[in-house]
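Here is a short report on one protein model. Look at the sequence and the 3D view, then read on.

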Amino acid sequence: MSIPTSPIRFRGALRVVLFGALGVSLAACGGKERPEADLAAAQITTIGVNSYLWRASLETLSFMPLTQADSQGGVIVTDWYVNPQNPGERVKISVSILDQDLRADALRVAASRQALQSGVWVDAPIQAATVQKLEDIILTKARDLRRTAIG
């Protein structure tokens with residue numbers, strides 16, 4: 001195809017090309033098939049882990065100050081949090097999301113607790129049930145987010 005040298009012919013050729021391309025692209029939109037909802041939202045987002053688990057973890061820990069939130073690696077680490085009703089102890093939590101699927105084994109929660117003794121923070125044991133309860137809260141919230149998203 002030769003390029004028209006006159007401005008009028010050039011504009012006419014440009015119109016043909018543009019309207020032809022527009023017609024082809026609009027013809028592709030005429031199908032009656034609708035894509036099905038993809039339940040694996042992590043596959044269509046830019047984060048590296050399951051988006052429901054990620055959002056549920058952030059919402060669950062929203063009252064605590066965060067020191068790290070890496071959506072690609074799936075790691076959330078909080079800073080020490082002191083409950084105003086119990087100023088003699090503080091808690092630090094880390095959440096790891098290990099997979100793009102919404103599964104119970106795709107979530108790991110670790111917690112550290114310290115107690116104030118004679119003006120010094122000392123490591124104190126944390127009950128395993130506390131960590132398990134936190135995992136359950138996050139998983140339940142993630143499932144609720146998924147149910148809401150798929151309608």
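## The largest pocket

The largest pocket has a volume of about 320 Å³. Keep in mind that this is a predicted model. How many residues line the largest pocket? The lining is made of 15 residues. Nearest the centre of the pocket lie Phe63, Tyr81, Val91, Ile93 and Thr130.

Now see where the lining comes from. β4 (89-97) supplies at least two of its residues. β5 (107-117) and α3 (128-150) each supply at least two as well. By type, the lining of the largest pocket divides into 9 nonpolar, 2 polar and 4 charged residues.

## Two helices that cross

Two packed helices are described by the angle between their axes and the distance between the axes. Take helix α2 (residues 51-60) and α3. Their axes come within 8 Å. They cross at roughly 125 degrees. The crossing is right-handed.

Which residues of α2 and α3 meet? On the α2 side they are Tyr52, Leu53, Arg55, Ala56, Ser57, Glu59 and Thr60. On the α3 side they are Leu134, Ile137, Ile138, Leu139, Lys141, Ala142, Leu145, Arg146 and Ala149. The residues of this contact divide into 10 nonpolar, 2 polar and 4 charged.

## Around Thr67

Thr67 is found in strand β1 (residues 66-70). What does Thr67 touch, leaving out residues up to four places away in sequence? Its contacts are Val77, Thr78 and Asp79.

Look at Thr78 in particular. Thr67 and Thr78 are 11 residues apart in sequence. In space, they are 5.2 Å apart, C-alpha to C-alpha.

Note on methods: Residues numbered from 1 in each chain as written. Predicted model: local features only at pLDDT ≥ 70, side-chain atom pairs only at ≥ 80, totals over all residues. Heavy atoms only, no water. 1 Å grid on protein atoms, 1.4 Å probe; cavity = no way out; pocket = protein on both sides within 12 Å on 5 of 7 lines; lining within 4 Å. Points joined across faces, edges and corners; volume = space filled by probe spheres on them. Helix = DSSP H or I, 4+ residues; strand = E, 2+ residues; numbered from the N terminus. Nonpolar A, V, L, I, M, F, W, Y, C, P; charged D, E, K, R; others polar. Axes fitted to C-alpha atoms, helices over the stretch in contact; angles between N-to-C directions. Left-handed = near helix turned anticlockwise from the far one by under 90°. Contact = heavy atoms within 4.5 Å.
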